[in-house]
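I opened a new file today and kept notes as I went. The entries follow the order in which I looked things up.

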Amino acid sequence: QEEGSLDFALQVIVTKAEDESGAKMFTAADLPSLRREIPLAVLLDLMTKMQSMGEEESPDAVKS
């Protein structure tokens, strides 16, 4: 089960992580390095924060 959580967290991070200009920070080629170098707890925390960011309304949506 931990392996499935790790894989899901990595997919979310690779899919959603962007720099300030909107460019993707990671590719599928980065998965092995991320898996090796970042603890599961950190990956899960990042994934949770990224998912909640996607659920927030944008400032423009709030104005309408």
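**Entry 1: the model.** I note first that this is a predicted model. I keep that in mind for every value below.

**Entry 2: the fold.** I looked up the secondary structure. The protein chain has four helices and zero strands. Along the sequence I read the pattern as α-α-α-α.

**Entry 3: surface and contacts.** I checked how much of the chain is covered. Of its 64 residues, 17% count as buried. The accessible surface is about 4900 Å². Carbon and sulfur atoms hold 56% of that surface.

Entry 4: I took H1 next. Helix H1 runs over residues 2-16. It has 15 residues and reaches 21 Å from its first C-alpha to its last. That is close to the 21 Å expected at 1.5 Å a residue. Its buried residues are Leu 6, Ala 9, Leu 10, Val 12, Ile 13 and Val 14.

**Entry 5: the core.** Which residues make up the largest nonpolar core? I listed eleven: Leu 6, Ala 9, Leu 10, Val 12, Ile 13, Val 14, Ala 17, Leu 34, Leu 43, Met 47 and Met 50. Helix H1 and helix H3 (40-55) are the elements that give two or more residues to this core. H1 gives the most, with six residues.

Entry 6: I picked Ala 17, a member of the core, and asked what it is in contact with, leaving aside neighbours within four places in sequence. The list is Val 12, Ala 23, Lys 24, Met 25, Phe 26 and Met 50. Of these, Val 12 and Met 50 belong to the core as well.

**Entry 7: salt bridges.** How many salt bridges are there? I count three. As a general point, side chains of opposite charge can pair when their charged atoms come close.

**Entry 8: Arg 35 and Asp 7.** In this salt bridge the closest N and O atoms are 2.4 Å apart. Arg 35 lies in helix H2 (residues 31-37) and Asp 7 in helix H1, so the pair ties together parts 28 residues apart in sequence. Arg 35 is partly exposed, at 34% relative accessible area. Asp 7 is partly exposed too, at 31%. I also checked Asp 7 against Leu 43, 36 residues away along the chain. Their C-alpha atoms are separated by 9.8 Å.

**Entry 9: Glu 18 and Lys 24.** Here the closest N and O atoms are 3.8 Å apart. The cut-off for a salt bridge is 4 Å, so this pair counts. Glu 18 is partly exposed, with a relative accessible area of 43%.

**Entry 10: Asp 45 and Lys 49.** The closest N and O atoms of this salt bridge are 3.1 Å apart. Both residues lie in helix H3, four residues apart, about one turn of the helix. Asp 45 is partly exposed, at 39% relative accessible area. Lys 49 is partly exposed as well, at 47%.

Conventions:
Residues are numbered from 1 along each chain as its sequence is written. This is a predicted model: local features need pLDDT of at least 70, side-chain atom pairs count only at pLDDT 80 or more; totals for chains, interfaces and linings use all residues. Side-chain values use heavy atoms; hydrogens and water are left out. Buried means under 20% relative accessible area, exposed over 50%, partly exposed in between (1.4 Å probe, protein chains only). Accessible areas come from the Shrake-Rupley method with a 1.4 Å probe; for residues, only the protein chains shown count as cover. A nonpolar core is a set of buried Ala, Val, Leu, Ile, Met, Phe, Trp, Tyr and Cys residues joined through side-chain atoms within 4.5 Å. Contact means heavy atoms within 4.5 Å. A salt bridge is a side-chain nitrogen of Lys or Arg within 4 Å of a carboxyl oxygen of Asp or Glu. The expected span of a helix is 1.5 Å times one less than its number of residues.
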